[in-house]
Amino acid sequence: MSQTDLSSLRLNVRHDSGDGPLFVLLHGINANASDWQSVINRIGPEYRCIAVDLLGFGDSPKPLDIDYTADDHALVLHNTLRDLGIRERFVLAGYSLGGDIAIRYASRHPECLRRLFLLSAPFYLPAGAISGRNFGGQVFSEMLFHSVWNMLAHQKKRNGVIYRMAEGQLESFAKAFLKTDDISQNWEIMSKNLENTIIDATFVDDLPKLSMPTVFALGVRDPIVRPDLTPSLKALKPDIEIRRINGLSADHFMLDNLPERVAEELLRDEVTELGIAFHEGNGPGVVLVPGITGEAESLEPMGKALALENDVMIVDLLGFGRSPVPLSSHYTLEDHVAALVSTIEHHFGAAPVRIAGYGFGATVALGCAALRPRMFVDVTAYSPVLLPPGTTVAEATSDPLVARIVANREEIAFLARDPRAQVLNGERLEARTVPPVRSYDSALEVDAASLLDRVKTPTRFVVPDGDKRTPRGWLASVVEKRAEFEIAEPHGTEKLPFERVADALSVMGGITQSQLYAASVAKPPKPAQRPLLESLVGTANSQLVRRGTLHVAAGALLLAVPRIPPRVVTLGFALWLLVEAIQTVVGAFGLRRTGKQWLPWMLIAAVSTVFAAVVAARDMVGFVAVGLVISWGLLARGIADLVVAWQLKDLALRRWALGIAGTLAIVLFALIWLVPDVGNTLLRYGLGGYLVATGLDNLFFGWRIHRATKKRIAQFLAEHPVPKSRRH
């Protein structure tokens with residue numbers, strides 16, 4: 001029974017420096033906070049960094065009568081930060097064991113965090129939560145690591161050979177590796193952490209509860225945390241951002257190997273300035289803000305006209321155009337406002353400016369005025385995105401355009417979760433998808449009445465009489481009660497015609513119509529483009545179609561050609577080896593520039609190059625090498641599938657499927673070596689059939705997404721027909 005009062009314990013604060021937004025940094029097992037020093041040096045003094053020794057490590061308390069659970073760690077960390085007087089929200093970053101502690105802290109104290117950053121944090125999913133194609137291999141990997149951690153945790157109790165060596169002939173090495181002079185004490189603490197915080201991690205339970213933006217980063221060469229398991233995390237928390245860090249040194253020990261990259265990833269979401277699409281002129285400051293679907297370039301003609309007498313700046317919203325795209329951001333109104341206010345302050349200082357926005361950009365402009373009223377002379381809100389009190393999101397979808405946006409948003413979210421589309425969820429597609437989807441969700445969640453109640457700046461609402469989305473009637477009733485508000489209702493639609501916006505904003509600089517016309521002729525507005533979310537769904541569909549067509553064609557070729565010439569196989573394998581060697585050489589030179597170990601990688605590249613030359617010159621060598629790679633891969637996969645099938649108890653269908661797949665893989669391995677002709681023929685037909693099947697599946701999946709989107713739009717409009725008051 002524990003005699004130690006956990007609430008009385010405090011962690012050793014090894015590092016506390018810098019001035020600015022706060023980072024709290026947690027290290028890994030058998031270490032201390034000095035592991036973060038190289039990262040802190042690269043973050044710089046513009047941020048306050050606090051790095052603590054975790055409970056049981058470094059110079060922090062090391063009681064032996066506690067369990068070292070994630071809850072124990074979180075409690076002592078929280079009390080330590082409170083004693084330091086930390087009251088502002090901060091970024092919590094945890095590496096390895098520190099990541100498992102960080103996620104527990106985040107679930108216990110969400111009000112304390114503005115962002116969570118997990119680096120190479122071990123996690124173990126239940127079999128039913130794993131969604132990747134290599135199900136057997138992933139489950140087998142988890143089972144293997146559970147066994148390894150259990151074995152290490154019980155070494156001292158069982159007087160195991162590893163523990164005896166650590167206290168015997170390897171004592172000096174063990175003390176250096178464990179960063180301790182007391183191996184016996186440290187081993188006991190390590191064992192409890194392995195059992196109660198890593199093996200019995202609360203990761204899977206805590207992840208869906210998190211409300212703050214969350215990033216999970218890991219190296220592509222990490223042998224402890226499998227990169228191919230991370231897509232399954234999105235099923236638990238769809239808005240988590242997965243970042244894979246590339247490089248020869250991108251393994252589990254990135255605080256040592258890649259501190260500059262870790263610092264870069266930590267700072268990546270600290271947006272202090274947005275992208276500037278246009279900045280010209282002298283005089284009073286004028287800021288123009290486009291909407292979610294509007295191009296900043298479409299405002300340039302007006303910007304040029306206004307720049308005749310003003311200092312005009314057109315700013316891309318957070319996540320759009322030239323602005324940063326933090327994929328972990330929730331893109332709330334507060335996120336957009338904070339980034340825009342910071343950008344305006346950077347360029348205009350304390351001088352008040354006039355601000356005008358279109359669509360969601362108008363809502364953001366109103367948010368800026370509500371937050372910093374003294375920064376703005378006045379606000380022009382053109383067709384602001386506002387949901388009047390009492391209006392549900394479902395009612396908002398009675399507008400055909402909104403219904404299309406919502407339907408496409410749902411299909412994009414579905415694509416992000418489906419394993420068939422995981423290859424499409426690269427950072428490039430996410431960068432186009434995340435900002436509009438989350439910004440639109442945030443726009444629908446804005447409390448319009450509360451927002452306008454906080455706006456004390458003179459404000460002009462511009463709502464064309466053809467605008468069916470902006471709540472004109474409700475807005476007019478608000479304007480009537482506020483002396484600082486006025487509303488203009490020019491003829492037109494909610495689209496962004498240059499003439500209407502220019503007319504609405506020309507009061508800013510007293511511009512003549514001839515000047516406006518000259519500006520529009522100099523650079524006319526871009527023609528209307530396909531709605532962004534529709535184009536994203538279309539992009540995903542086209543990628544699925546291309547991939548499906550390629551798979552079907554390759555599979556059909558394998559099935560149709562009786563025998564693939566050995567020369568084709570060996571040259572393809574040699575080319576692959578050569579490409580890998582070149583990439584290794586480039587990576588090795590990169591390591592050399594940073595002063596890290598590079599000679600072993602250069603040696604590997606040299607051996608690969610020589611072997612590629614041998615394979616290219618000797619068909620038989622290449623053919624045998626390809627056979628070895630394929631056959632032993634089949635054997636490893638077959639064994640993994642059979643072991644997992646034997647252990648699974650709750651997933652009957654999975655057990656049968658894995659048992660059959662594992663048996664076939666081992667049989668095919670045997671045939672390749674015992675009866676090569678039969679084995680190679682079966683391998684060719686099996687691979688060809690697999691490619692055709694996956695190709696057809698991708699084609700059907702793309703068609704299903706397109707069909708489901710159209711059906712969802714029709715369903716929205718049928719359930720919520722446009723009220724008569726909004727048809728005219």
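What volume does the largest pocket have? About 1,600 Å³.

First, the ground rules. This is a predicted model, where local features need pLDDT of at least 70 and side-chain atom pairs count only at pLDDT 80 or more, while totals for chains, interfaces and linings use all residues. Residues are numbered from 1 along each chain as its sequence is written, and side-chain values use heavy atoms, with hydrogens and water left out.

Now the overview. The chain has 27 helices and 14 strands. Helices are DSSP runs of H or I with at least four residues, strands are runs of E with at least two, and both are numbered from the N terminus. Of the 728 residues, 50% count as buried. Buried means under 20% relative accessible area, exposed means over 50%, and partly exposed is in between, using a 1.4 Å probe and protein chains only. Next, contacts, meaning heavy atoms within 4.5 Å. Take those between residues at least 6 apart in sequence: 79% join residues at least 24 apart.

Back to the pocket. A pocket is found on a 1 Å grid over the protein atoms alone: it is an open set of points where a 1.4 Å probe fits, with protein on both sides within 12 Å along at least five of seven lines. Lining residues have an atom within 4 Å of a point. Points are joined across faces, edges and corners, and the volume is the space filled by probe spheres set on them. Here 44 residues line the largest pocket, and Ile630, Leu634, Leu668, Leu683 and Leu687 lie nearest its centre. H26 gives the most, with 14 residues. By class, the lining has 28 nonpolar, nine polar and seven charged residues. Ala, Val, Leu, Ile, Met, Phe, Trp, Tyr, Cys and Pro count as nonpolar; Asp, Glu, Lys and Arg as charged; the others, Gly among them, as polar.

Next, helix H7, residues 183-199. Where does H7 bend? At Asn193, by about 30°. That angle lies between axes fitted to the seven residues ending there and the seven starting there. H7 is mostly covered, with twelve of its 17 residues buried. Among them are Trp187, Asn193 and Leu194. The cover includes helices H2, H3, H4, H5 and H6. At the start of H7, a side-chain oxygen of Asp182 comes to within 3.4 Å of the backbone nitrogen of Ser184.

Lys179 lies in it, between H6 and H7. Its phi is positive, about 55°, although Lys179 is not a glycine. Lys179 counts as partly exposed because its relative accessibility is 38%. Tyr331 also has a positive phi, near 55°. Tyr331 sits in the loop between strand S10 and helix H13. Is Tyr331 buried or exposed? Buried, because its relative accessibility is 0%.

Last, two pairs. His154 is in the loop between H4 and H5. His154 and Trp187 are 33 residues apart in sequence, and 9.5 Å apart in space, C-alpha to C-alpha. Ile43 belongs to helix H1. Ile43 and Leu266 are 223 residues apart in sequence, yet 8.3 Å apart in space, C-alpha to C-alpha. Beyond neighbours within four places in sequence, Ile43 is in contact with Phe23, Cys49, Ala263, Leu266 and Leu267.

Terms used:
Polar contact = N/O pair within 3.5 Å; in protein donor to acceptor, adjacent residues only side chain to side chain.
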